[in-house]
Amino acid sequence: MKTAFRTVLLLLLSLYSLTGLAQNMIEGVRIWPSPDNTRVVFDLSDQPDYSYFFLKQPDRLVIDFKNTDNIAELTQLPKDGDRIKRIRTSLSKGKRAVRIVLDLSNQYDEKVFALPPTGPYGNRLVVDLHDRQKTPLVTRKPRLKNRDIVIGIDAGHGGEDPGSISKSGTHEKKITLSIAKRLQRIINAEPGMKAEMIRTGDYYVNLNQRTRLARKKQVDFLVSIHADAFHSPRPRGASVWIANDRRAESELSKWLKNREKNSELLGGGGELIKRTNDDNLAVFIADLTKDKSLEISDRIARNVIAELQKVTRMHKTQPQNASLAVLKSSDIPSMLVETGFISNPYDFKNLMSRTHQEKLAKAMFNGIKKHFYDYPPQDSLIANMRPTKHKISRGESLSVVAQRYNVSVQQLKLANNLKTDVVRVGQTLTIPRVN
Ligand SMILES: [Zn+2]
């Protein structure tokens with residue numbers, strides 16, 4: 001081609017795209033229903049130029065895409081059932097536009113935003129429809145005596161956000177949910193303990209919402225389940241992470257943090273866009289609470305590592321420190337368990353095995369349970385299920401025993417008719433039940 005001709009052609013081509021004559025394309029629509037919102041994702045060939053509005057009686061959301069064609073099959077969409085009755089096209093405003101109508105069964109609070117290409121996804125327009133009855137942020141119900149210890153289980157990723165992807169195409173979000181459900185079953189079978197799932201299906205819960213849910217469900221401890229991935233297949237084994245901003249970050253911790261940031265991009269914008277009703281006041285953390293909760297997190301992490309070591313190879317045998325978003329709410333004791341490397345062929349095989357998943361869940365459970373038997377909250381059933389007798393071993397004083405069972409020295413003396421503080425090795429004491 002002659003240079004002059006080529007220049008003219010290029011000029012024409014860029015004019016063509018500048019004037020917006022190049023058509024965008026709706027290539028697909030995906031729906032992710034979850035307990036309190038439904039997400040609709042439009043996959044597009046280019047950045048969307050859009051506007052939207054609501055109509056009432058019946059409730060509809062109308063989205064206009066400028067310079068766009070639709071090639072997505074709308075009749076084939078899975079029925080959301082509750083929030084969205086139907087997605088259809090309607091008469092568009094302009095020749096080169098597409099009008100999409102979402103027939104709704106109610107009025108919802110919406111968030112509509114575009115996401116740039118990330119990972120496996122291209123350009124997207126995300127529509128989040130949130131239920132309107134807002135749950136107050138901090139409604140602490142008075143707790144019952146002899147209550148269950150509540151363990152929050154957070155299956156990493158979900159919905160739009162697949163997490164790590166194995167060579168064969170398996171998504172981390174599937175593995176984490178499967179292990180989470182096993183852990184849930186084991187915990188719920190244990191007297192004095194109860195599990196609360198942060199997500200129960202294949203949908204995305206943003207990180208703020210995860211901790212908010214944990215707080216709402218008044219969890220005593222939150223475990224976030226993940227499966228690691230690295231850019232080389234070599235690293236393998238499990239690791240346990242707890243929140244700590246004070247220590248230096250390791251290479252892996254930086255990598256992991258980046259990946260979690262990435263997953264925010266994948267899953268959703270919740271943190272990317274300004275949220276007017278995002279009340280972070282609830283996250284007021286006194287230093288004391290923080291230290292206390294870090295201490296609990298560290299103790300449970302060590303218990304869990306000891307248990308995991310029996311059933312799987314460890315990548316790290318000490319709790320790892322990171323300022324991961326899901327662990328940020330340091331008023332809630334929490335840990336993140338990377339159950340193995342999805343990027344390592346041995347680990348991956350294990351992670352896909354039901355037997356191995358069950359072993360991992362059981363190990364996490366044992367580690368968590370041990371802590372709550374060692375240090376049960378006073379109002380818990382477990383505090384009242386503890387042994388009522390204690391045999392004095394070498395080096396144990398009355399005050400040590402008192403501390404161990406959360407009773408006073410005076411109460412111990414009363415229960416055992418002791419005149420002095422002196423106890424001998426081998427002596428059996430009755431532990432009073434104090435509430
Ligand atoms: Zn993950």
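I began with burial: His157 and His226 are both buried, that is, under 20% relative accessible area with a 1.4 Å probe on protein chains only. The model is predicted, with local features needing pLDDT of at least 70 and side-chain atom pairs pLDDT 80 or more, while totals for chains, interfaces and linings use all residues. Residues are numbered from 1 along each chain as its sequence is written, and side-chain values use heavy atoms, without hydrogens and water.

I then looked up the zinc ion. Its protein donors (N, O and S atoms within 2.8 Å of the metal, or 3.2 Å for Na, K and Ca; water is not among the atoms, so sites may look incomplete) are His157 through NE2, Glu172 through OE and His226 through ND1, lying 2.1 Å from the ion. I noted their spacing along the chain as H-x14-E-x53-H. His157 lies in the loop between β10 (149-155) and α2 (172-188), and His226 in strand β12 (residues 221-228), so the pair ties together parts 69 residues apart in sequence. Helices (H or I, at least four residues) and strands (E, at least two) are DSSP runs numbered from the N terminus.

Next I traced an open sheet of five strands, in the order β5-β1-β2-β9-β8 with mixed pairing; strands pair if DSSP finds at least two bridges between them. Its edge strands, β5 (68-70) and β8 (109-115), each pair on one side only. Strands β2 (residues 37-44) and β9 (residues 123-130) pair in the antiparallel sense over eight bridges. I found Val127 in β9 as the bridge partner of Val40.

Methods. Buried means under 20% relative accessible area, exposed over 50%, partly exposed in between (1.4 Å probe, protein chains only).
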